[in-house]
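Hello,

Here is the structure I promised to pass on. My notes follow directly below it.

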Amino acid sequence: MAQGAESATARRRTRGTREPAMGREELLQAYRDMLLIRRFEEKAGQLYGMGLIGGFCHLYIGQEAVVVGMQMCLEPGDQVITSYRDHGHMLACGMEARGVMAELTGRIGGYSKGKGGSMHMFSREKGFYGGHGIVGAQVSLGTGLAFANWYRGNDNVCLTYFGEGASNQGQVYESFNLAALMKLPVVYIIENNKYGMGTSVERASASRDLSKNGAPWGIPGEQVNGMDVTAVKEAGERAVAHCREGKGPYLLEMKTYRYRGHSMSDPAKYRTREEVQRMREQSDPIETARRMLAEQGVGEAELRKVDDEVKAIVQDAADFAQQSPEPPESELWTDVLVEEAR
Amino acid sequence: MPRRTMIEAIRDALDVMMARDPRVVVFGEDVGYFGGVFRCTEGLQRKYGPSRCFDTPISESGIVGAAVGMAAYGLRPVAEIQFADYMYPGYDQIVSEAARLRYRSAGEFTAPLVVRMPCGGGIFGGQTHSQSPEALFTHVCGIKTVIPSNPHDAKGLLIASIEDEDPVIFLEPKRLYNGPFDGHPEKPAVPWSRHPLSETPEGHYTVPLGQAAVRREGAAVTVLAYGTMVHVAEAAAEETGVDAEILDLRTLVPLDIDAIVRSVRKTGRCVILHEATRTSGFGAELSAQVQERCFWHLEAPILRVTGWDTPYPHAQEWDYFPGAARVGRALRAAVEG
Ligand SMILES: Cc1ncc(C[n+]2csc(CCOP(=O)(O)OP(=O)(O)O)c2C)c(N)n1
Ligand SMILES: [Mg+2]
């Protein structure tokens, strides 16, 4: 059953010759998708500040190019799985902003009916396998998703995202070994935003080049400028093609940065204000895309249209997330085990 | 006497022990440079240097496993697991190694370590920041399980745990870190400074493992509680007017069964509280032991008030949390039953 996708693989190989990283329309799409994540996260931050969102909430601001660039490499049926810093991934997968925001506010209209919260949302339809609060856990799960692809003999790939902090969990390397051993179609994406909570990568990893962390198992790896959506997509295409061709796992270390604290309750005292400021000013992924668009002749009016469209989606999501009712107590008792037909 | 929050009391216990005993090392995720996400280890790295207080990578299995090795070779490791919800990768090391080393080596090697972990709900943490896994430890022979309810006990129990010759799981109810919490989220938060048990002596003292404390004397019903639920029980007794005798167990293993039996024989009734899920919770063990020893003194069925048998939900936390109203209903039922 496995490895039965010869024709699809061959079909893709003929596509080989590559155009410039991104054309005008594609770049505009990437810009829009990144902006949607940025504005969504800013709104989530606001609602949190107003007390409408409680608990743990990890914003993706600064890292938008990673997930947007990678998503552009996917085909229907591919899977995405990530950690708790997941709102961006869900929006990039095409999940509704309304359902994501309503889960943050703990309402019945949320993707997990208020039972999961910010870190735990899923969509079979969109190929999004969560949202996982336990650091590193999703790396094994993503490897299993890739196994299922291999076993079914389809041509799909699983994108498995995790932080540089998570890359120190033992199960990451158990997964690497299994994936390499069985040549599973999984792209491991380390989102290296330099910090795992209050601990910088230098203080947590003896490895200085995380893209080499799969080397003992022969997993090819690359370091990628994760603040440039075109660079992300270009590397992503290579990684995904490698997997689709049946060559096994691939590792991408995305050099990126989170602007906000680890979660909403983090004063971020472990780094300087200047450091954050410098990253924002010099390598903001959205500003970079805006500049590239200008170079390609996209005018202010067109960009403003995108801005307005995004703003409307986010406002609608915020309204929905406040209007949707809280789940009734009875709802909290469901989905513990399979429900017997009554 | 100085007043401390639970966080300050824990930090002080670590400080006292690091100063007294060079074998004590303190480590965990964000524990060194950053001082811990709840600030329990703030300043310790600066004071004692990075070989005695250090950051670990995110690798709970490695953290606990390394602690076992350190302890076997004569150190006194105090490891922090950032939230009890994250201890599962290290659970194998706790159960298969720390708990069993003494037995399988016939006492040749032991693992006198402490694993501290914040536990419990009440902070909108959802399923990965709210769990109360004490029964997963009490079920394992070869480890001790401690859970303080106030700063005075936290300091004394932590020192006793570090000095103990066996592995100790030290559960810190995170909702109590900054003040007593009686299960009424709608009331303004009360700081520890207004609570008598925030008085913690300076320097070294211990609260011995295996001794419960009577928090409220009463004649009508015995309430067995620990951690946050001690404060909820006090509120419930006050609000219902039921003359409850409230026992703060403080350590679950070893258990002060004598104190429990004494009280239940006096009152003839027993209500057991915990935040953890109900089925196979520590309350089941307590109920069984009370029944075995106090059967002829019981005038009503033993009742339990616990978390639901569901994962900890994100929404509607105060439906899930066994608050003062739910406890109050059980107190009434017990005295009327
Ligand atoms: C098993 C486990 N250990 C610890 C934690 C607490 N924790 C949550 S996020 C985090 C830092 C993770 O950093 P990184 O992997 O770099 O991801 P980032 O937050 O930077 O996206 C830690 C220690 C957890 N959720 N799960
Ligand atoms: Mg990180």
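Chain A has a mean pLDDT of 93, and 94% of its residues reach 70 or more. pLDDT is the predictor's confidence in each residue, from 0 to 100. Chain B averages 97, with 100% of the residues scoring at least 70. The model scores ipTM 0.95 and pTM 0.95.

This is a predicted model: local features need pLDDT of at least 70, side-chain atom pairs count only at pLDDT 80 or more, and totals for chains, interfaces and linings use all residues. Residues are numbered from 1 along each chain as its sequence is written, while chains are lettered from A and ligands numbered from 1 in the order in which they are written.

One stretch needs care. Over residues 1–18 of chain A, pLDDT stays under 50. The model has 19 contacts beyond four places in sequence for these residues. Two residues are in contact if their C-beta atoms, placed from the backbone, lie within 7 Å. Where pLDDT is low, the predicted coordinates should not be read in detail.

Now the ligand. Ligand 1 is surrounded by 20 residues; a residue counts as near if its C-beta atom, placed from the backbone, lies within 6 Å. The closest are V135(A), G163(A), G165(A), A166(A) and G196(A). Residues from both chains A and B surround ligand 1, so the site is shared between chains. In chain A, β2 (158–163) and β4 (195–196) each supply at least two residues of the shell. Helices (H or I, at least four residues) and strands (E, at least two) are DSSP runs, numbered from the N terminus. By class, the shell has nine nonpolar, seven polar and four charged residues. Ala, Val, Leu, Ile, Met, Phe, Trp, Tyr, Cys and Pro count as nonpolar, Asp, Glu, Lys and Arg as charged, and the others, Gly among them, as polar.

The chains also touch each other. Chain A gives 31 residues to the contact and chain B gives 25. The chain A side has 12 nonpolar, 15 polar and four charged residues.

Chain B is assigned domain 1 (6–198) and domain 2 (213–336); the bounds come from an automatic or database domain assignment. Their centres, taken over C-alpha atoms, are 25 Å apart. In chain B, 30 residues of domain 1 are in contact with 30 residues of domain 2. On the domain 1 side, α6 (134–138), β5 (144–146), α7 (151–163) and β6 (168–173) of chain B give two or more residues. That side divides into 12 nonpolar, 13 polar and five charged residues.

One helix pair in chain A is worth a look. The axes of α2 (residues 24–49) and α12 (residues 300–323) of chain A come within 9 Å and cross at roughly 35°. Axes are lines fitted to C-alpha atoms, for helices over the stretch in contact, and angles run from 0 to 180 degrees between N-to-C directions. The residues of this contact divide into 11 nonpolar, no polar and five charged. Among them are L35(A) and F40(A) of α2(A), and V310(A) and A317(A) of α12(A).

Two backbone details remain. The peptide bond from V253(B) to P254(B) is cis, with omega near 0°. P254(B) lies in the loop between β10 (251–253) and α9 (257–267) of chain B. K183(A), a residue other than glycine, has a positive phi, near 55°. K183(A) sits in the loop between α7 (170–182) and β3 (186–192) of chain A.

Best wishes
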